[in-house]
Amino acid sequence: SFFGHILLKFNTQRGAVPSALLDRSVNFGADVPAHENGFKYVFNGLFGGYRASFSHHQFYTFNHAYAENELRDLWEYVLDLTDDEVDQILAHSWELLGRKYVYYFVNENCAYHMAGLLNLVIEQPLLPALPWSLPSALFEKLTAVQRNGVPLVTQVRRIPSRQSRFRDGFLALDAQAQVVAGKLVDNEVNLADADYAMLPEPRKIALTDALLDYYEYRIVTDRQSVALQGAKQEVLIER
């Protein structure tokens, strides 16, 4: 996506829901047919050729689509809202589910409609007065908003993509382990390699974790490769 994307996540107390991946999330997007022609996709997105709607899913649906398959980092902006404000947004988002809209990629998009939903309780303009609506502009505005001297955004959390997790894990390895990782990848995962065998167990764990992220990332970009599937399986067994 050129502009990025934005959705609304309702964080539940961990005592009620054991993982953030199970938190309920509200999304706004165009209803695009499967395997849509690229030219048609651009034309319809720009000139209102698609219908759009609000939908709700557990967060793992979006995490899987964006972070795991599209290899895009996610950023979670935690808002300081009262229980009553959360209830108002929750109730109104429920009313919006199933309604149909005309979708315009440049302006009446996810940023435009999410800003409208948040304006139910945040009585400040959340998008600049421009002919387009950018998710990044909404995030910038949210971070600038203060109410009674208190910032609206209390925390920003990074949710790394599959690709970023591999990069972070690899860079966290010491120089020797990085060299061993490169040898294992070049030699199609020869876990009998003497340099790997000499590593202490904690460093083997870090190394195999990094390799698992590497092969998961590679498989996303080449799902038909039997060699990559086999290499991942071998590392998984070792882990």
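Modeller: Angles under 35 degrees count as roughly parallel, over 145 as roughly antiparallel, 65 to 115 as roughly perpendicular and the rest as oblique. Before we use that, note that this is a predicted model, where local features need pLDDT of at least 70 and side-chain atom pairs count only at pLDDT 80 or more, while totals for chains, interfaces and linings use all residues. Residues are numbered from 1 along each chain as its sequence is written, and side-chain values use heavy atoms, leaving out hydrogens and water.

Biologist: Thanks! How many helices and strands are there in the protein chain?

Modeller: The protein chain has 10 helices and 8 strands, taken from DSSP runs (H or I of at least four residues for helices, E of at least two for strands) and numbered from the N terminus. Its C-alpha atoms fill a box of roughly 65 × 45 × 30 Å along the principal axes. Of its 239 residues, 35% count as buried (under 20% relative accessible area with a 1.4 Å probe and protein chains only; exposed is over 50%, partly exposed in between).

Biologist: Now the helix pair. At what angle do the axes of α7 and α9 cross?

Modeller: Two packed helices are described by the angle and the distance between their axes. Here α7 (residues 175-186) and α9 (residues 201-221) have axes that come within 10 Å and cross at roughly 45 degrees. The axes are lines fitted to C-alpha atoms over the stretch in contact, with angles from 0 to 180 degrees between N-to-C directions. The two helices are therefore oblique to each other.

Biologist: Which residues in α7 and α9 meet?

Modeller: From α7 come Q176, A177, V180, A181, L184 and V185, and they meet R203, L207, L211, Y214 and Y215 of α9; contact means heavy atoms within 4.5 Å. By class, this contact has 9 nonpolar, 1 polar and 1 charged residues.

Biologist: On to sheets. What is the order of the strands in the open sheet?

Modeller: Strands of a sheet pair through backbone hydrogen bonds, either parallel or antiparallel. In this model the open sheet of 4 strands reads β1-β2-β3-β5, with antiparallel pairing. The edge strands, each pairing on one side only, are β1 and β5 (101-103), and the twist averages 35 degrees from one strand to the next. Within the sheet, β2 and β3 (residues 50-58) pair over 7 bridges, where at least two DSSP bridges make a pair. V26 stands opposite H56 in β3.

Biologist: Which strands does helix α2 touch?

Modeller: Helix α2 (residues 59-69) packs on the sheet against β1, β2 and β3, and its direction makes about 115 degrees with that of β3. Helix α3 (residues 83-96) lies across β1, β2, β3 and β5, at about 120 degrees to β1.

Methods
Ala, Val, Leu, Ile, Met, Phe, Trp, Tyr, Cys and Pro count as nonpolar, Asp, Glu, Lys and Arg as charged, and the others, Gly among them, as polar.
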